[in-house]
Amino acid sequence: MESQEIKNLIKLMAKIPGLGPRSARRSVLSLIKNPEKLMLPLAKSLIQVSENIKLCSICGNIDSDVICGICKDEKRDKNTICVVEDITDVWALERSNTYKGKYHILGGVLSAIDGINPEDLRVKELIDNIKINNIKEVILATSATLAGQTTSFYITDLLKDMNLTVSRLAQGIPIGAELDYLDDGTIGAALDSRKILNKK
Ligand SMILES: [Zn+2]
């Protein structure tokens, strides 16, 4: 049997998204086997992050300052914001290295089932952000799920009287995918958001 300390650690690790009890046990064992290289640096890093992390007052991103590095970056297009559900979406878009505007993080999506209403999301902050920062284009990048689309429609409607371009990320065929393997919804969305290459 594991000691109480180890049991507690496994229990905590198992709460991390993506780790179940089995992966948590394996991770804890690996930490115990590598105290100098893994366990102590991890413990130190956890404390550092928990003590220094702040929510950006403009976009809702996390950074070590109340205004995040992206909001501070003068080289980025300050008139365009991309609206995403969560911080992991910002990380994903940043990894793609193609988007050079700013962001706004909603902190979730509307969901009648889960009782998530507009006031539970950073919707009011989005409107303030648009007004204060003279935003000219809003790119909606919520998920292609029912809740993501509902949220996107809700925001589009909310912004309809503002002097703004509102666009939504195209949905379609993933890079490297074959048509034969895709579901009908994906193929339909790809057709709807097709790009004209040569118009006569
Ligand atoms: Zn920010």
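A helix crossing is called left-handed if the near helix is turned anticlockwise from the far one by less than a right angle, and right-handed if clockwise. With that in hand, note that this is a predicted model, in which local features need pLDDT of at least 70, side-chain atom pairs count only at pLDDT 80 or more, and totals for chains, interfaces and linings use all residues. Residues are numbered from 1 along each chain as its sequence is written, and side-chain values use heavy atoms, with hydrogens and water left out.

Let's start with helix H1 (residues 4-13) and helix H2 (residues 21-33), whose axes come within 8 Å and cross at roughly 125 degrees. Helices here are DSSP runs of H or I with at least four residues, strands are runs of E with at least two, and both are numbered from the N terminus. Axes are lines fitted to C-alpha atoms, for helices over the stretch in contact, with angles from 0 to 180 degrees between N-to-C directions. H1 and H2 are therefore oblique to each other, since angles under 35 degrees count as roughly parallel, over 145 as roughly antiparallel, 65 to 115 as roughly perpendicular and the rest as oblique. H1 passes H2 in a right-handed crossing. On the H1 side, Ile6, Leu9, Ile10 and Met13 make the contact, meeting Pro21, Ala24, Arg25, Ser27, Val28, Leu31 and Ile32 of H2; contact means heavy atoms within 4.5 Å. Nine of these residues are nonpolar, one is polar and one is charged. Ala, Val, Leu, Ile, Met, Phe, Trp, Tyr, Cys and Pro count as nonpolar, Asp, Glu, Lys and Arg as charged, and the others, Gly among them, as polar.

The largest pocket has a volume of about 370 Å³. Its lining has 17 residues, and closest to the centre are Leu93, Ala141, Thr142, Leu169 and Ala170. Strand S3 (77-84), helix H5 (87-96) and strand S5 (137-140) each give two or more residues to this lining. A pocket is an open set of points on a 1 Å grid over the protein atoms alone, where a 1.4 Å probe fits, with protein on both sides within 12 Å along at least five of seven lines; lining residues have an atom within 4 Å of a point. Grid points are joined across faces, edges and corners, and a volume is the space filled by probe spheres set on the points.
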